[in-house]
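Good morning, everyone. Please have a look at the chain on the screen before I start.

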Amino acid sequence: MSAVFNHALERKRKLVEFNPFSTGLRLPIGKASEQSRCFTDEELQKYIEVLAEEYNPDEPEMTWLPLIMMYSGMRCNEVAQLYSDDLQEIEGLSFFRICMNVERNQRVKSSVARDVPIHNTLKELGFMQYVEKMRQAGEKQLFLNCRYQASPG
């Protein structure tokens with residue numbers, strides 16, 4: 001999400017005034033209840049507008065990763081390493097199948113597989129059409145610019 005905000009800041013016509021993710025979301029010292037706050041509806045709407053305005057077909061992950069994270073609660077790495085067959089449907093319910101797959105370098109924090117429903121808003125925004133486009137192109141991984149890199153050491 002920080003990368004998307006940085007991109008919006010670096011444009012000639014700034015789309016946002018600051019990047020709330022640039023500091024690792026460090027919060028001021030204070031009471032626990034005061035340290036965190038939810039984004040307002042207006043802030044979230046502005047963020048979604050920035051993502052829509054800045055959509056680049058050469059970098060679809062810059063739009064889809066934060067949207068999927070917002071609407072599913074999935075971790076960034078879980079979204080970045082999705083393959084088209086990780087999206088499944090049973091009895092009309094579409095979901096992401098999140099699990100460890102060493103052969104495909106898919107790592108997850110928990111060793112337990114889980115299914116995460118695909119939010120209707122993602123469908124309305126065209127995510128399923130994007131997935132179908134990748135499948136028709138013969139691409140197995142959904143976000144081609146997100147490649148596995150083994151951590152050093």
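First, the ground rules. This is a predicted model, where local features need pLDDT of at least 70 and side-chain atom pairs count only at pLDDT 80 or more, while totals for chains, interfaces and linings use all residues. Residues are numbered from 1 along each chain as its sequence is written, and side-chain values use heavy atoms, with hydrogens and water left out.

Now the fold. The chain has seven helices and three strands. Helices here are DSSP runs of H or I with at least four residues, strands are runs of E with at least two, and both are numbered from the N terminus. Reading from the N terminus, the order is α-α-α-α-α-β-β-β-α-α.

How much of the chain is buried? Of its 153 residues, 35% count as buried. Buried means under 20% relative accessible area, exposed means over 50%, and partly exposed lies in between, with a 1.4 Å probe and protein chains only. The accessible surface of the chain comes to about 10,300 Å², and 51% of that belongs to carbon and sulfur atoms. These areas come from the Shrake-Rupley method with a 1.4 Å probe; for residues, only the protein chains shown count as cover.

A word on contacts, meaning heavy atoms within 4.5 Å. Take the contacts in the chain with a separation of 6 or more: residues 24 or more positions apart account for 46% of them.

On to the core. The largest nonpolar core has 27 residues. Such a core is a set of buried Ala, Val, Leu, Ile, Met, Phe, Trp, Tyr and Cys residues joined through side-chain atoms within 4.5 Å. Which residues have the most contacts inside it? They are I68, F96, F127, L142 and F143. The elements giving two or more residues are α3 (41-53), α4 (61-72), α5 (76-80), β2 (93-98) and α7 (127-136). Helix α4 gives the largest share, five residues.

Leaving out residues up to four places away in sequence, L142 touches L82, Y83, S84, L87, F127, Y130, V131 and M134.

Next, the serine. S94 sits in strand β2. S94 counts as buried, because its relative accessibility is 4%.

Last, charge. Side chains of opposite charge can pair when their charged atoms come close. A salt bridge here is a side-chain nitrogen of Lys or Arg within 4 Å of a carboxyl oxygen of Asp or Glu. By this rule there are five.

R104 takes part in two that I want to show. With D85, the closest N and O atoms are 2.9 Å apart. R104 lies in the loop between β2 and β3 (114-117) and D85 in the loop between α5 and β1 (87-90), so this pair ties together parts 19 residues apart in sequence. With D86, the closest N and O atoms of R104 are 3.0 Å away. D86 is buried at 4%, whereas D85 is partly exposed at 43%. R104 itself is partly exposed, at 22%.

Then R97 and D115, with closest N and O atoms 2.6 Å apart. R97 is in strand β2 and D115 in strand β3, so the pair ties together parts 18 residues apart in sequence.

Finally, R75, E78 and R114 are linked in a network of salt bridges. Thank you.
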